[in-house]
Amino acid sequence: MENKAIGLDKGWDYMQKGITKLKRILEGLPEPPFTSEEYMMLYTTIYNMCTQKPPHDHSQQLYDKYREAFEEYISSTVLPSLREKHDEFMLRELAKRWANHKVMVRWLSRFFHYLDRYFIARRSLPTLNEVGLTCFRDLVYQEVHAKVKDAVITLIDRALLKNVLDIFVEIGMGKMDRYEDDFEADMLQDTGAYYSRKASSWIEEDSCPDYMLKSEECLKKERDRVSHYLHSSSETKLSEKVQNELLVAYANRLLEKEHSGCRPLLRDDKVEDLSRMYRLYCKIPQGLDPVANIFKPHITAEGTALVQQAEDATSNQASSAPGVQEQVLIRRTIELHDKYMAYVTDCFQNHTLFHKALKEAFEVFCNKTVTGNSSAELLATFCDNILKKGGSEKLSDEVIEETLEKVVKLLAYISDKDLFAEFYRKKLPRRLLFDRSANDDHKRSILTKLKQQCGGQFTSKMEGMVTDLTLARENQANYEDYLRSNSAAHPGIDLTVTVLTTGFWPSYKSFDLNLPAEMVKCVEVFKGFYETKTKHRKLTWIYSLGTCHINGKFEQKIIELIVSTYQAAVLLLFNASDRLSYSEIMAHLNLTHDDLLRLLHSLSCAKYKILSKEPNTKTISHGDYFEFNSKFTDKLRRIKVPLPPVDERKKVVEDVDKDRRYAIDAALVRIMKSRKVLGHQQLVSECVEQLSRMFKPDIKAIKKRMEDLITRDYLERDKENQNMFRYLA
Amino acid sequence: MERIDNLFHSYANRSLGMIDPEGIETLCSDMEVDHTDVRILMLAWKMKAEKQGYFTLEEWRRGMKALRADTVSKLRKALPELEKEVKRPSKFEDFYSYSFCYCLTEEKQKSIDIESICQLLDLVLGSHFRAQVDYFIEYLKIQSDYKVINMDQWMGFFRFCNEISFPDFSNYNPDLAWPLILDNFVEWMQLKQT
């Protein structure tokens, strides 16, 4: 080896030969590849030139010449070849040149590698690799990238496309900004314009389901594009763009399409289309809002239509039995709920937005009054009917369970839950006392469900009632034993007594009915028995709830009549007299006019005319006369003569109002006790929230209760701020 | 001092040791003021009299000293000054609330019946807020929600007259803590005006 320092020019000449050889290889000219010796020599030349002692240390010059080598090659060969080509050919050329360039950089930087290790590192200069790439970027990329982008957008050949796009990414040297700024932005815009054009024509011609199908396909196509040749970072932006153009821009028109839009799809059960709609819109932020905004009013409209139907039907058909239309309404409401809940769970993937829409829609029409009855009452009546021996339709146990479940769900939407409770509580006793054969399990299960929905306080009394009955049966068994052992005391008539605990049951008025003699004896005997069991309880007899089986000896045959105790009392009078006037009956029995009218009506003007009335009109008046109708007969041997129940609605509403006043008072005191000082509006809103589980309190009612509490010295108004209240311990 | 006491005793009921309604009436005629005149109420306020229709010696002393009067004529001359004092905003609210308490005659009484309230309102507030008082009195007489008015409602009405623009009620907000009777009153007025 030479010991003399290598001069720059001489050394460079040697290097130049190597570079030229490399260029020939890159151009595809016949040239044997570099041998390891050649490589070693080139490397060593650089090494020597750099490690020589100054002034023969040529590192700086070599560094510069390295760059110049690229620049020269690019300017003389690469750029001209690119400039003369266009479109796809240009792209192909570019891809080739880029690949070549990378190879060139790799080889040259290997030759010049020693520079990287010391010279460059010491002076923190750009590495050989960076220099090489920068040359390409500054000379080639800068010039052609615009043309490239245009060509790319129209290109079909995916492989080539991927190669070209990789240039954009790699030229960024670690950052994505070249790709994003020079290519992606325009690509997105172009894509956007393309879809915007398509969308505007599709929206005119296609139905909503078809449009959605096409949108789904487009999105899929774009995703494929990304996976095949675009950079993965484009995926979200591309999807967003497409979604924007196809779905967001036309959201309203699409959903509102008259014959195929959201509403008709809901109406016609197009589950698949609705699911697609959900899939498409759920990825767009707030994209589901317009869908929910159609969903909710649609349900509300359907619900309100049902209510209106029921109203119209009841006012038009005077012949249909009272309450039938309302029951139909409840049933239809349940069906409506099932249908739309299915949509929410299946098509809309249980999304909270739709649950909320469903809830709000139901709350609107479930709280409307129908033919003067509140929906709370209708629901209670519905439950009652179901539980009465399976209702008019003789439903199976499972169906009853299911229906009860659904009823309790509907209860969640009604704001006056306490009204439902009261009505239910009023109907329950009648059912419990008169329908012994009805299923106990159902009673208990609906109570459990109600308890879950509305809290224990709601159901505690009702549970008490059910328990009372169980105890009563035991008690009756004991009574019968007692009678057997004291046969002298037997009153001659079979008596079954149900003892109720006052607190659980609604308050019943007990009239001082003048019992027929036979019954009086029964009562005495039972009293005797009861006193053997306990001396500390007082028995109050509620005859209005009793039932009596009487044999009517009519001319044709003996028929057993099942009547209420009051009716029995009336009928038994005719054992002693053939003909009685209204006032005589009244005097004997000691009843009020209202009660007597009802009683006599049920016996003489209703389905079974046990008594014949003079004059034979349809209503009872005070001057009428009554006779035992011996000619009465029926094909059955045993008939039930029903007594129409009193309209308890007014009383129920009164009771509920009273309870509400106490509830509001209690809530206000509770809140003020813990907060000590509170502003008016906050107090009102907290009060409303606390009570919302049972009912929706009227703001004026709350104000009135507050004033009452001020008068009773529970609260006082703050002296400075009249909108603040203070708790007085 | 002595003169004040002597004056007191000249009107007082011997056995009670206080001036009673009869004594007050005499006093009024001596002053040439009607005994239902609002100025008598103002006098009671100045004295901080506790029981309606009666003045104790202490109360008498208090009032007379404050008014710097020891004869009837001096007392009468002091009345215009007293009126001015009461009408001052700082004192008027106190006088207004005092007048309500003064009318609670029974021991545990907390409210005053509608009839009396109407009279009291007219007496105390009439000259200040004629229109509001007249309409409110009309409303009180025809409504049936309330048979008595309590202190909270009484004071509420005063605040109402001061703060709410009349007769448009444009700045009245029923969601605030105004007594319910005023909410109803405003509703009634608005119905009347349409």
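Predicted model: local features only at pLDDT ≥ 70, side-chain atom pairs only at ≥ 80, totals over all residues.
Visitor: What makes up chain A in terms of helices and strands?
Guide: Chain A has 28 helices and nine strands. Of its 729 residues, 45% count as buried.

Visitor: And what makes up chain B?
Guide: Chain B has 10 helices and two strands. Read from the N terminus, its elements run α-α-α-α-α-α-β-α-α-β-α-α. Of the 194 residues of chain B, 49% count as buried.

Visitor: Why is A:E93 called buried?
Guide: The relative accessible area of A:E93 is 9%, and buried means under 20%. A:E93 is therefore buried. This residue is in helix 4 of chain A, residues 87-111. Not counting residues up to four places away in sequence, A:E93 touches A:S81, A:L82 and A:K85.

Visitor: How do you know whether B:N184 is buried or exposed?
Guide: B:N184 has a relative accessible area of 13%. The cut-off for buried is under 20%, so B:N184 counts as buried. The residue sits in helix 10 of chain B, residues 180-193.

Visitor: Which residues are in contact with B:N184, leaving aside its neighbours within four places in sequence?
Guide: They are A:K700, B:Y139 and B:D145. A contact needs heavy atoms within 4.5 Å, and B:N184 is in contact with a residue of chain A, A:K700, as well as with B:Y139 and B:D145.

Visitor: Why is A:Q556 called exposed?
Guide: Its relative accessibility is 63%, and exposed means over 50%, so A:Q556 is exposed. A:Q556 lies in the loop of chain A between strand 1 (547-553) and strand 2 (558-564).

Visitor: How far apart are A:Q556 and A:T633 in sequence and in space?
Guide: They are 77 residues apart in sequence, with 6.6 Å from C-alpha to C-alpha.

Visitor: How many disulfides does the structure hold?
Guide: Over all chains there are zero. A disulfide would need a pair of cysteine sulfur atoms within 2.5 Å.

Visitor: What makes A:C135 and A:C605 buried?
Guide: A:C135 has a relative accessible area of 5%, and A:C605 has 8% relative accessibility. Buried means under 20%, so both cysteines are buried.

Visitor: How many cavities of 30 Å³ or more does the structure hold?
Guide: There are six. The largest cavity has a volume of about 110 Å³.

Visitor: What lines the largest cavity?
Guide: Its lining has 13 residues, and A:L329, A:I330, A:T333, A:C366 and A:S375 lie nearest the centre. Helix 15 (324-347), helix 16 (352-366) and helix 17 (375-387) of chain A each supply at least two lining residues. By class, the lining has 10 nonpolar, two polar and one charged residues.

Visitor: Which residues line the second largest cavity?
Guide: From chain A they are A:H680, A:K703, A:M706, A:E707, A:I710, A:R717 and A:F725, and from chain B they are B:A177, B:W178, B:P179 and B:L180. Helix 28 of chain A, residues 699-711, gives the most to this lining, with four residues. The space amounts to about 60 Å³. Its lining divides into seven nonpolar, one polar and three charged residues.

Visitor: What is the volume of the second largest pocket, and what lies closest to its centre?
Guide: The second largest pocket holds about 870 Å³ of space. Of its 30 lining residues, A:D418, A:Q457, A:D659, A:A663 and A:M694 are the closest to the centre. The lining divides into 12 nonpolar, six polar and 12 charged residues.

Visitor: Which helix supplies the largest share of the lining of that second largest pocket?
Guide: Helix 26 of chain A does, with 10 residues. Helices 19 (417-434), 21 (456-485), 26 (649-675) and 27 (680-691) of chain A each supply at least two. Domain 3 (291-458) and domain 5 (649-727) of chain A each give at least three residues to the lining.

Key
Residues numbered from 1 in each chain as written. Chains lettered and ligands numbered in written order. Heavy atoms only, no water. 1 Å grid on protein atoms, 1.4 Å probe; cavity = no way out; pocket = protein on both sides within 12 Å on 5 of 7 lines; lining within 4 Å. Points joined across faces, edges and corners; volume = space filled by probe spheres on them. Nonpolar A, V, L, I, M, F, W, Y, C, P; charged D, E, K, R; others polar. Domains from an automatic or database assignment. Buried < 20%, exposed > 50% of the residue type's maximum accessible area, 1.4 Å probe, protein only.
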